[in-house]
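Have a look at the model first, and then we can go through the questions together.

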Amino acid sequence: MSHLSAIGFGVHTNDDFNHLIEQVLSVATEHSTHENLTYLRYTDPSGAEIWLYGDNNSNDIVGMVPCFLPSQTQNFGVSSIEPIIDDEQCGDGSAYGWLDPTEYSDGEFDGFYPLLVDLPDYLNHHASHKVQKARLTLFAESADLFTDEDAFSRSQENDELKYGSESFIPIGTFTDDENPNDKMSASALMGCKVIKSELRTNQLTQNQFYWCLVETYGSSYEVVYPIDMFDIMPQVGNIIFGEYWITGRFE
């Protein structure tokens, strides 16, 4: 499932991808400039965002990633920030840290759970080893919708491993110690209760998507879902269980 489709940017072919870049370029504004790279940003009234990466030497667009502008923030203890690809033209990176952290005198953290968060503009952030305000959004990659907690419990009656209706497992932080090339990813399994839901329209494309505020273990999150992920719109009190990509920025 494309992360772009979770916020109303339907891309199915290379032509679609190139057309979207042209659309975004016509409305994007320059956000910041670095030695080799310039960030361009488009924020849609729906909250959907696209970040473009411009090569300062060739003036070519060398990357595009989706993001979202949530209204709420979480406390996040940043331990490290690294590029996703070790390349001077790489504009996106990841931050590793702890949600709702406790900070110790030696600069270390712990908290509810560790997270890896993908940053669309990692060059604008630094691993300060301090607690920062994070604007995090979860993009659904796969998810199932249940009427209530009873329906969710019944769906697991024959499963050996059962999950809670409000559970959060940062599976992207689990790595294989025997495989040195096994890298962490910004992904999580989450069971959550819907607190608020909206059908939103991406004003640039006129495509719709679902936005939800959900409650889960340790926090509430804003979550986005492709319109075709569910047969009906999520309702308050519904339970959703699925796998998610985590993205965001620091204030």
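Q: Why is Cys212 called buried?
A: Cys212 has a relative accessibility of 0%, and buried means under 20% relative accessible area, exposed over 50% and partly exposed in between, with a 1.4 Å probe and protein chains only. Cys212 therefore counts as buried. A word on the ground rules: this is a predicted model, in which local features need pLDDT of at least 70 and side-chain atom pairs count only at pLDDT 80 or more, while totals for chains, interfaces and linings use all residues. Residues are numbered from 1 along each chain as its sequence is written, and side-chain values use heavy atoms, leaving out hydrogens and water.

Q: What makes Cys67 buried or exposed?
A: Its relative accessible area is 0%, so Cys67 is buried.

Q: How do you know that Cys212 is in no disulfide?
A: A disulfide is a pair of cysteine sulfur atoms within 2.5 Å. The nearest cysteine sulfur to Cys212 is that of Cys192, at 7.6 Å. A search of the whole structure finds 0 disulfides.

Q: What does His31 touch, not counting residues up to four places away in sequence?
A: With contact meaning heavy atoms within 4.5 Å, His31 touches Tyr39, Leu40, Arg41, Trp51, Asp121, Asn124 and Arg249.

Q: Which residues of H1 are buried, and why do they line one face?
A: The buried residues of H1 are Leu20, Ile21 and Val24. Seen down the helix axis, they fall within an arc of 100 degrees, so they line one face of H1; the arc is that of the directions from the axis to the C-beta atoms. Their cover includes strands S2 (37–43), S3 (48–55) and S4 (61–68). The face turned away from the buried side carries the exposed residues Asp15 and Glu22.

Q: What makes a nonpolar core, and how many residues has the largest?
A: A nonpolar core is a set of buried Ala, Val, Leu, Ile, Met, Phe, Trp, Tyr and Cys residues joined through side-chain atoms within 4.5 Å. The largest has 61 residues, and Leu115 and Phe168 are among those with the most contacts inside it.

Technical notes
Helices (H or I, at least four residues) and strands (E, at least two) are DSSP runs, numbered from the N terminus.
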